[in-house]
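Subject: Structure for your attention

Dear colleague,

Please find below the structure that I am handing over to you.

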Amino acid sequence: MKEMEKIAGAVKCKLVGRDMEGWEQKLVMSEYKVELMCLAMYDNVYFVSEDLSTSPSLPVHEDIPGSVSHVCLHRTTLWFCPSTHQSALDTMMDQLNELAIKLTPLHVSNLFSGQFCVAKFSEDGGLYRARVTRVGEDKVSVFYVDFGNNEDKDMEELFVLPEDFMNLTPAVAKVETENSVSSELEDKLVGVEVVLRMEEGIGKRLAKFCIEGKEMLCCPEQLRVEVETFPVGMKIEVSVGYVESVRMVWVTPMAKVDGIQASQELVEKVTEVLATQDKLATLASPQIGQMAVARFSEDDMLYRCRVEK
């Protein structure tokens, strides 16, 4: 199950947001193998969902009305709420705050990274859905899943999230950019009606934010890559790609070699096209984790790469 940090034996689970009718038949047809999202764990009961989505989808080449709810401190991440999610969010917020005096304080035994909860926001005193991101000695860091903010909270400001509020998909989607968003532009974007349009660029997507038909921000979306992880205790056939040292070897699972070769063929074709251009566009402000293309010193070929420092 997603969000669980360690492998456990049999655990008690409660499926939320689904009628149990037909569930047994589905389990039989899937040989009792299902993928579930772990939303919360209270008193050793895991609340799980079949819905694996963690944010609204942002389709390409469509105008998506909505609003920017937050720009992160490093100014390269915006959180966008589509208008299609706003009504459900407003209703949920009203219901959640009506239950304020009935909410159960979150006990320290139920406090861990990834836990869903309710947190009191410092700026307005309102109650919001949140996820615990770090547990410190004196403070607990939380992420407000429907708005994109982060805060450090005291334990007495955290509450158990009622089951009825668990299964609603977080209302905001993350848009990461290569360019920093200025404070002036943030003031124009946050809290007003905007239209977001995602378009395919060369090797990346472009996020365009418009207000009343006027383009306010057009930024390349920052693409990131996840490092492959291997299951412990299993033999996996691999291809050795690079020996960094006697203690560090880079390998590729054989199941993915065909895909790597296809990518290399694509890079070679792109290289031929770029050879006819005057020059490549220089990466002005590289960010750690950002994907790019670099020329390898040993063969002078272009390869996909990731900025590490």
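Predicted model: local features only at pLDDT ≥ 70, side-chain atom pairs only at ≥ 80, totals over all residues.

Residues are numbered from 1 along each chain as its sequence is written, and side-chain values use heavy atoms, with hydrogens and water left out.

The chain as a whole

The chain contains four helices and 18 strands; these are DSSP runs numbered from the N terminus, with helices being H or I of at least four residues and strands E of at least two. Of its 309 residues, 34% are buried, where buried means under 20% relative accessible area, exposed over 50%, and partly exposed in between (1.4 Å probe, protein chains only). Among contacts (heavy atoms within 4.5 Å) with a separation of 6 or more, 55% join residues 24 or more positions apart. The chain exposes about 19900 Å², and carbon and sulfur atoms supply 53% of that area (Shrake-Rupley method, 1.4 Å probe; for residues, only the protein chains shown count as cover).

Helix 2

Helix 2 has 16 residues (83-98), and at 1.5 Å a residue it should span 22 Å; its end C-alpha atoms are 23 Å apart, which agrees. The expected span is 1.5 Å times one less than the number of residues. Its buried residues are L89, M92, M93 and L96. The cover over these residues includes strand 5 (77-82), strand 6 (116-120) and strand 7 (127-135).

Pocket and cavities

Rolling a probe the size of a water molecule over the atoms shows where empty space is left. On a 1 Å grid over the protein atoms alone, a cavity is a set of points where a 1.4 Å probe fits but cannot get out, and a pocket is an open set with protein on both sides within 12 Å along at least five of seven lines; lining residues have an atom within 4 Å of a point. Grid points are joined across faces, edges and corners, and a volume is the space filled by probe spheres set on the points.

The second largest pocket holds about 310 Å³ of space. It is lined by 14 residues, and T54, W79, R131, F143 and K174 are the closest to its centre. Strand 7 and strand 11 (173-176) are the elements that each give two or more residues to this lining.

There are two cavities of 30 Å³ or more, and the largest cavity has a volume of about 140 Å³. Of the 17 residues that line the largest cavity, M37, L39, S53, F116 and P170 lie nearest its centre. Strand 2 (37-42) and strand 7 each give two or more residues to the lining, and strand 2 gives the most, with three.

Single residues

D43 lies in the loop between strand 2 and strand 3 (45-49) and counts as exposed because its relative accessibility is 59%. E212 is in the loop between strand 13 (205-211) and strand 14 (214-220), and its 82% relative accessibility likewise makes it exposed.

E199 belongs to strand 12 (194-200) and, at 21% relative accessibility, counts as partly exposed. The C-alpha atoms of E199 and H61 are separated by 5.3 Å, although the two residues are 138 residues apart along the chain.

Yours sincerely
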